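Me: I have just opened this entry and would welcome a short tour. Could you take my questions one at a time?
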There are 2 protein chains.
Amino acid sequence: MTTTTPRPLVDAPQAGDPRLDADVTNVDIAHLSQVLLGHYPELRLAARNLMADERFHQVDGLSPAEHRERVLGQLRLLAVEGDVHRSFPTRFGGLEDHGGFLSRYEELTHADPSLQIKVGVQWGLFASAIYHLGTEGNHDEFLPDALSLAVPGAFAMTETGHGSDVAAIGTTATYDPATQEFVIHTPFRAAWKDYLGNAGLHGTAATVFARLITSPPGGRAVDHGVHAFYVPIRDAVTMEFLPGVGGEDDGLKGGLNGIDNGRLWFDQVRVPRTNLLNRYGDVAEDGTYSSPIPSPGRRFFTMLGTLVQGRVSLDGAAVSAARVGLTIAITYGNQRRQFSSASPTDEVVLLDYAEHQRRLLPLLAETYAAGFAHEDLLAAFDDVFSGRNDTPDSRADLETLAAALKPASTWHALNTLQVAREACGGAGYLTENRLTGLRADLDVFTTFEGDNTVLLQLVGKRLLTDYSKTFKGLDATKVARLVAERASDAARYRTPLHRAIQTIADVGDPRRSAGQLRETATQRELLVDRVETMVAEIAQALRPAQKADPATAAAIFNAHQHELIEAARAHAELVQWESFTAALERVTDPGTRQILTWVRDLFGLTVIERNLTWYLLNGRLSAGRARTVTSYIDRLLARLRPHAQSLVDAFGYEQAHLRAPIASGAEQVRQDEARAYYRAQRASGDAPVPEKYKR
Amino acid sequence: MTTTTPRPLVDAPQAGDPRLDADVTNVDIAHLSQVLLGHYPELRLAARNLMADERFHQVDGLSPAEHRERVLGQLRLLAVEGDVHRSFPTRFGGLEDHGGFLSRYEELTHADPSLQIKVGVQWGLFASAIYHLGTEGNHDEFLPDALSLAVPGAFAMTETGHGSDVAAIGTTATYDPATQEFVIHTPFRAAWKDYLGNAGLHGTAATVFARLITSPPGGRAVDHGVHAFYVPIRDAVTMEFLPGVGGEDDGLKGGLNGIDNGRLWFDQVRVPRTNLLNRYGDVAEDGTYSSPIPSPGRRFFTMLGTLVQGRVSLDGAAVSAARVGLTIAITYGNQRRQFSSASPTDEVVLLDYAEHQRRLLPLLAETYAAGFAHEDLLAAFDDVFSGRNDTPDSRADLETLAAALKPASTWHALNTLQVAREACGGAGYLTENRLTGLRADLDVFTTFEGDNTVLLQLVGKRLLTDYSKTFKGLDATKVARLVAERASDAARYRTPLHRAIQTIADVGDPRRSAGQLRETATQRELLVDRVETMVAEIAQALRPAQKADPATAAAIFNAHQHELIEAARAHAELVQWESFTAALERVTDPGTRQILTWVRDLFGLTVIERNLTWYLLNGRLSAGRARTVTSYIDRLLARLRPHAQSLVDAFGYEQAHLRAPIASGAEQVRQDEARAYYRAQRASGDAPVPEKYKR
């Protein structure tokens with residue numbers, strides 16, 4: 001049963017509404033909402049409706065212990081009515097619908113990010129590791145209880161000493177042929193598993209990542225690298241740690257306190273041989289290791305690649321949070337009044353201030369861009385995981401795309417929530433208005449599931465590899481043909497990297513066309529050119545590293561680390577811009593498309609303005625042309641201001657999702673009451689005379 | 001009694017310490033610490049020592065109710081042993097030492113920002129309003145109980161409908177000559193007092209800001225504008241609201257939950273005539289209003305000006321929080337290792353990564369700049385409030401300086417704490433490591449005591465006023481002479497605005513000297529030139545507003561609001577840079593001065609790099625010269641990296657102030673243990689062979 005409350009916001013502008021003042025073009029909110037629902041409109045709406053149910057809402061003021069219990073109870077509800085098995089095999093009650101699962105999952109942000117991340121731990125990480133890294137035997141043995149939540153489980157990968165560098169973890173799993181068991185062991189404090197949801201309190205098992213070690217008869221022990229093992233950790237009745245297992249609660253965090261993050265250590269804990277999740281590596285009874293992937297490096301990255309859905313979903317959750325924040329701040333900014341200089345009686349609505357527009361509207365544009373890019377990422381994810389397009393190349397593309405977009409959107413969400421909170425003043429600081437809590441919960445998104453900086457570096461390295469692959473030994477004509485061939489048959493969202501290269505063929509002199517900043521082609525040229533030039537320059541600068549000793553090579557690389565990360569950022573922005581541009585085609589209402597094109601322009605020009613120094617230093621824009629970037633942004637802000645409310649209304653939230661008193665219409669009621677009071681006082685002739693007029 | 005724990009950080013570099021590798025120049029930490037203690041070294045140290053006492057420390061995991069009680073208890077302790085009366089008159093046990101009071105106050109950040117802000121509410125706002133806005137009669141009647149905390153009090157200025165726009169508040173205080181009482185009244189919901197510390201729970205009285213209304217016999221009522229009234233609000237025994245008074249708790253906030261913020265409303269509440277704090281306006285028994293300041297506008301700003309100490313102290317507290325955050329992140333970054341490419345056995349220390357340096361060291365430089373600027377602000381504040389230099393001009397200068405620096409430092413603190421938290425990864429997200437809690441508590445600093453954006457606009461307007469005053473009708477020679485005259489007798493920190501103008505006289509062609517980026521004169525020219533040019537251009541653009549109707553004038557002003565705020569930011573950065581430059585003179589140890597000069601250069605060039613587009617667009621730097629800005633920053637980062645630990649150690653914190661396990665040396669112990677384990681394994685020959693070497 002879902003409970004929804006009617007929306008107090010008027011979707012259709014009434015006479016006198018500022019949205020009608022500027023021009024006759026208007027947003028068709030229902031149509032735009034539908035476009036924003038993306039590839040899974042029904043699933044998203046159903047999940048969003050479920051999240052309007054107050055049983056799933058975060059309750060302010062609970063103690064962390066109460067919050068944890070509430071979230072566990074919510075997981076129990078979702079295990080029954082939440083369609084959380086959707087991505088799993090049909091024989092376990094699922095639909096093998098990976099994209100659909102994530103589209104629903106991303107909607108959980110609106111109820112409580114703690115709920116979302118704990119769902120992610122249980123079904124997205126713990127059960128998914130069993131599913132993706134295990135084989136049928138593992139599935140039969142472990143999956144039913146993981147899916148039903150009979151076994152709440154931790155995903156024990158990260159160690160206190162190693163976060164994003166999984167390859168360097170210290171936990172070992174040594175095979176003992178005498179008993180046909182693996183011995184799971186933590187050799188030192190830094191190898192404690194850490195920050196694991198479900199480890200602090202509720203988990204009774206864990207998928208433990210450890211270096212698999214075998215000892216061939218008469219030979220030296222061999223380290224086969226990181227593998228995952230199913231390890232029971234607590235007695236399900238007493239909830240005491242099992243013998244040899246220990247750990248501790250991570251305690252309070254900066255947010256997400258509905259999750260029982262904790263630490264685990266293992267002192268020679270024995271599990272049966274068959275507890276190895278053995279899809280990518282197995283050990284026979286006699287201790288012989290085998291794997292379908294001969295290269296240990298490729299095997300490692302293949303195993304880790306199955307975890308990409310975490311990054312994909314964080315990208316989506318970040319977009320959701322940014323949308324909520326902007327809906328709250330823009331709704332309030334359209335009702336709240338402060339200061340008056342134009343009129344002696346009427347104060348100015350906050351969003352009429354140019355600075356308020358400058359702070360919020362570019363973030364709105366970026367949120368639109370991030371949302372469209374996310375839908376493309378989600379489609380690419382589903383293409384790979386459904387098997388429709390599952391090749392090493394498409395997997396690598398997907399991983400790069402997720403590694404580019406997750407940092408962009410998670411940083412964007414934090415920035416947006418902070419600006420939104422400040423734009424709402426003291427009211428924004430109250431927990432009841434959601435902004436500070438969402439920001440606190442989302443904070444860790446920037447460093448978990450892959451530290452943003454580390455991910456961007458991976459993207460940068462991939463850009464370098466693509467660059468060297470594409471251009472090695474080819475002349476310009478061949479490059480152009482190669483690029484054209486690749487581009488013609490690749491769906492847009494599948495090959496953002498290659499697409500970036502495509503436009504090389506038709507780049508003329510960007511300076512000539514820079515005056516046409518609103519032209520799609522001009523924006524594309526400027527954005528593409530920046531990525532390509534940066535990558536080419538870094539590749540050139542790194543050339544000496546190829547023949548250098550490891551230490552020197554590392555030093556050369558380090559000297560260009562910042563530029564490489566900047567290039568990866570530029571690439572992510574380009575991907576977002578391309579997704580936005582492609583999405584415009586899906587908007588059929590002409591007025592809506594016009595306004596959304598302005599939003600796209602605002603996004604593109606904001607990115608260009610942020611990097612204007614680069615364009616000037618590299619001769620891509622003259623000083624005169626560069627100045628028009630800012631003045632055109634100013635014009636766009638004025639054009640979009642009347643549509644700001646429609647553009648957030650199109651996100652499609654009800655009060656049951658926003659749950660922020662300042663966005664409920666209460667501020668409008670207060671403003672109306674105050675203005676009516678003064679109007680009546682003036683009309684009655686009783687208004688006190690200001691002293692300055694009296695004297 | 002204070003409890004301090006020994007510092008595990010080794011201040012003097014040992015052999016092999018990276019600090020010794022780069023060059024022989026080193027930081028004299030003790031000397032630099034002394035310089036950083038500023039104008040009140042003994043008071044600061046004494047307060048800092050007191051804050052090492054665990055009785056004052058924030059305890060993680062308390063419920064908001066427990067936290068509020070703990071903080072109230074801490075205030076009671078401070079009322080006795082905390083020297084919190086220092087700024088008050090000697091006849092009430094104080095020393096009239098305003099700067100000293102604030103220097104001590106700023107140290108409270110290190111124990112708990114909730115404690116600090118509640119102290120600010122009681123002594124800095126409630127008692128200070130009685131003191132600064134009242135006369136002897138008010139002092140005798142109300143000050144003793146406010147100072148002793150017998151009466152916890154709220155400072156009831158802000159209303160739900162009006163934050164930074166105090167002039168527009170709706171609460172009225174109407175004089176009734178029949179009973180010689182003021183009738184305090186809240187006319188509508190938006191006029192409820194809101195966000196008031198002590199209003200939610202503990203306060204038994206409030207200084208209520210209301211429009212003073214008198215009704216001369218036979219005439220119309222006159223509104224004399226905003227005045228402050230002492231109003232009892234709760235029964236001190238039952239803690240029930242007094243008749244006619246109501247309110248509610250603001251509930252949970254994004255931080256500072258040790259403070260009982262709340263709302264108050266008044267329904268025809270009567271207080272004696274003598275409860276008007278009557279220093280700047282009084283009402284005789286018969287209802288005749290009088291004031292020492294005839295202009296209502298000037299009177300209003302004079303009253304509000306007494307509140308500048310709140311902004312000054314937030315500037316200092318923000319610097320303290322940024323220092324704590326950087327000490328934690330840089331200490332951890334010097335111990336934590338992650339990834340290895342240069343060596344097969346040793347992972348790289350985080351701070352050796354170029355990107356880690358790029359993220360943290362410019363923030364360190366800005367923190368130094370903000371700290372030195374704050375000391376100058378504190379001196380200016382003490383000059384005015386001690387009466388040594390209390391003129392309308394010096395007050396206006398002080399207010400402008402505070403309005404410029406408070407936004408700069410509070411935004412800087414939030415940014416720094418966030419980057420520090422991300423630089424510490426998952427560990428940074430744990431509450432025990434302080435970063436998220438400090439950030440949450442400091443968040444509201446950007447909008448309370450004057451919204452940062454509103455303050456910057458005030459600064460911008462002042463810059464415009466100064467510009468028009470100085471140049472109106474003068475030729476260039478006269479301008480130069482005027483500026484020289486003004487500058488010669490004004491202490492540096494007293495007239496940052498005029499100083500900015502001074503250098504006009506010696507600005508040649510900046511492009512010629514831009515190559516010498518490390519020259520003080522070059523940096524100054526670039527920074528000053530930007531402020532002046534921006535202000536001049538805005539002044540020019542606003543000229544048509546002078547002859548326009550109010551609505552048109554407001555529209556013209558609004559069109560340039562963003563630029564005006566940018567100009568104010570540029571001014572704040574210039575002030576910080578000038579303070580830093582002046583502070584270098586106080587560093588007598590040559591090595592320390594050299595390193596600190598690099599830090600100053602890093603600050604100056606980071607500001608210039610951030611605004612490089614402006615310098616390029618305005619022809620101040622050629623593309624070639626502009627490129628050297630970034631490369632010189634890179635060189636500075638490499639130079640400063642070995643001294644990063646010394647530069648945070650010089651902030652002078654003990655573990656009792658940091659209280660972050662990751663900055664306690666625990667990470668170094670873990671790293672050493674792990675490396676010793678692997679070293680022993682390699683030495684024993686037992687290390688498993690990686691599979692790739694085995695095959």
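Reply: The answers below concern a predicted model, beginning with the interface of chain A and chain B.

Me: How many residues of each chain are in contact?
Reply: Contacts join 98 residues of chain A to 98 residues of chain B.

Me: And how much area do the two chains bury between them?
Reply: The buried area is about 8100 Å², with 54% of it on carbon and sulfur atoms. Tyr429(A), Leu617(A) and Glu691(A) provide 9% of what chain A buries against chain B, more than any other three residues.

Me: How many salt bridges does the rule find across that interface?
Reply: The rule finds six salt bridges there. A salt bridge links the side chains of Arg263(A) and Glu432(B), at 3.9 Å from N to O.

Me: What about polar contacts?
Reply: Across the interface, 61 residue pairs are in polar contact, both residues being at pLDDT 80 or more. On the side of chain A that touches chain B, 42 residues are nonpolar, 26 polar and 30 charged.

Me: Which strands pair between the chains, and in what sense?
Reply: Strand E12 of chain A (residues 689-690) pairs with strand E6 of chain B (residues 222-232) in the parallel sense, over two bridges. Within this pairing, Val689(A) stands opposite Val222(B).

Me: Changing topic, what does UniProt place at residues 305-464 of chain A?
Reply: An unreviewed UniProt entry gives the feature "domain: Acyl-CoA oxidase C-alpha1" for that stretch.

Me: How much of it is helix, and how much strand?
Reply: Residues 305-464 of chain A are 73% helix and 0% strand. The end C-alpha atoms of this stretch are 20 Å apart.

Terms used. Residues numbered from 1 in each chain as written. Chains lettered and ligands numbered in written order. Predicted model: local features only at pLDDT ≥ 70, side-chain atom pairs only at ≥ 80, totals over all residues. Heavy atoms only, no water. Contact = heavy atoms within 4.5 Å. Buried area = accessible area lost by both parts, 1.4 Å probe. Salt bridge = Lys/Arg side-chain N within 4 Å of Asp/Glu carboxyl O. Polar contact = N/O pair within 3.5 Å; in protein donor to acceptor, adjacent residues only side chain to side chain. Nonpolar A, V, L, I, M, F, W, Y, C, P; charged D, E, K, R; others polar. Pairing = 2+ DSSP bridges. Helix = DSSP H or I, 4+ residues; strand = E, 2+ residues; numbered from the N terminus. UniProt positions renumbered as here; feature names shortened; annotations may be inferred.
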